[in-house]
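Please take a moment with the sequence and the structure below, and then follow the account through a few selected places.

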Amino acid sequence: MMVNKVQVQKNFGQSAATYDDYAIVQKEMAKVLLAKIKSTGRCFQTILEIGCGTGFFTELLAREYPKARITVLDIAPEMIDLAKEKLSGFSNISYLIADGEKLQIGEESLGASSFDLIVSNVVFQWFTNYAKAFTQYYVLLNTGGYLIFSTLGAGTFKELYSCLNNSSRVKTQQELSCREGHPNKEPFIESKCLQEYLIRTGFKFVGVEEVTKQEYFNSCREFLRAIKKIGANNYLAGELVEQGMGSGIFPLIKSYDSMFSNEQGVFATYQCLFGWGQREVYK
């Protein structure tokens, strides 16, 4: 499935005001991501954040590295406006409206070899071409600089896709192929593919760690509402149109509620991927 960037921009713009209230897993991942950045032991001076959203992770970075020059970008102007307002007390942050896959590298925008650290929290799942994006980031990093990020991997929302694909059409993780872009039915990438992209780009000391999380809701309807409130309903809308379900979402909700619930409630799985790599240090 190709990602409709115009729709992504629209969805996230519309959800800017409600994002923080519903982005529970994303905030948990942000804290883990910061810990992985700190584990490098580096005192980063120049940082680029891809997809800053409302600025939740940006604030963590700014507090941890108060002397760093931090550049943040997002595809949705509304997100940038909210981040600016929230982070108005920080003088070391500059903002840019841009697609993290299509950066303008040069004197008028982002200079090549400009950053010690490039980071991103739960954004890359919206990319259509990881290899191209990673190549851009490699160029933007100083020698010895790090790319450290989190994203969502294959297995995320597997319950939802099971219902959408009517069980007999469910794709297992083993059936997913490594290719530019995303597999047709499962929009999320496998960790081994992500690692291969990093290595092929030229990154050294590459690693990808997987962590499975579950979020609980009172019902499937509440889960779908939460997805919409964080602007992540692009994939779902596409699948419903493709399968001709339209208002037939009600059978999906009924099926989900009956198949994927326990004493804690209706659950949704997030396959959280944390990846990193370093631009080669030449001796």
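Phe115 is found in strand 4, where strands (E, at least two residues) and helices (H or I, at least four) are DSSP runs numbered from the N terminus. The model is a predicted one, in which local features need pLDDT of at least 70 and side-chain atom pairs count only at pLDDT 80 or more, whereas totals for chains, interfaces and linings use all residues. Residues are numbered from 1 along each chain as its sequence is written, and side-chain values use heavy atoms, with hydrogens and water left out.

Phe115 counts as buried because its relative accessibility is 6%, buried being under 20% relative accessible area, exposed over 50% and partly exposed in between, with a 1.4 Å probe and protein chains only. Not counting residues up to four places away in sequence, Phe115 touches Thr46, Ile47, Leu48, Thr71, Leu110, Leu140, Leu141 and Asn142, a contact being heavy atoms within 4.5 Å. Phe115 and Asn142 lie 27 residues apart in sequence, yet their C-alpha atoms are 5.5 Å apart in space.

Strand 4 (115-121) also belongs to what covers the buried residues of helix 3, as do, among others, helix 2 (19-22), helix 4 (56-64) and strand 8 (265-278). Those buried residues are Val25, Gln26, Met29, Ala30, Leu33, Leu34, Lys36 and Ile37. The 15 residues of helix 3 (residues 24-38) should span 21 Å, and the end C-alpha atoms are 22 Å apart, which agrees; the expected span is 1.5 Å times one less than the number of residues.

Glu159, in helix 7 (residues 158-164), is buried yet has no salt bridge, the nearest side chain of opposite charge, Lys158, being 5.2 Å away. A salt bridge needs a side-chain nitrogen of Lys or Arg within 4 Å of a carboxyl oxygen of Asp or Glu; Lys and Arg count as positive and Asp and Glu as negative, while His and the chain ends are not counted.
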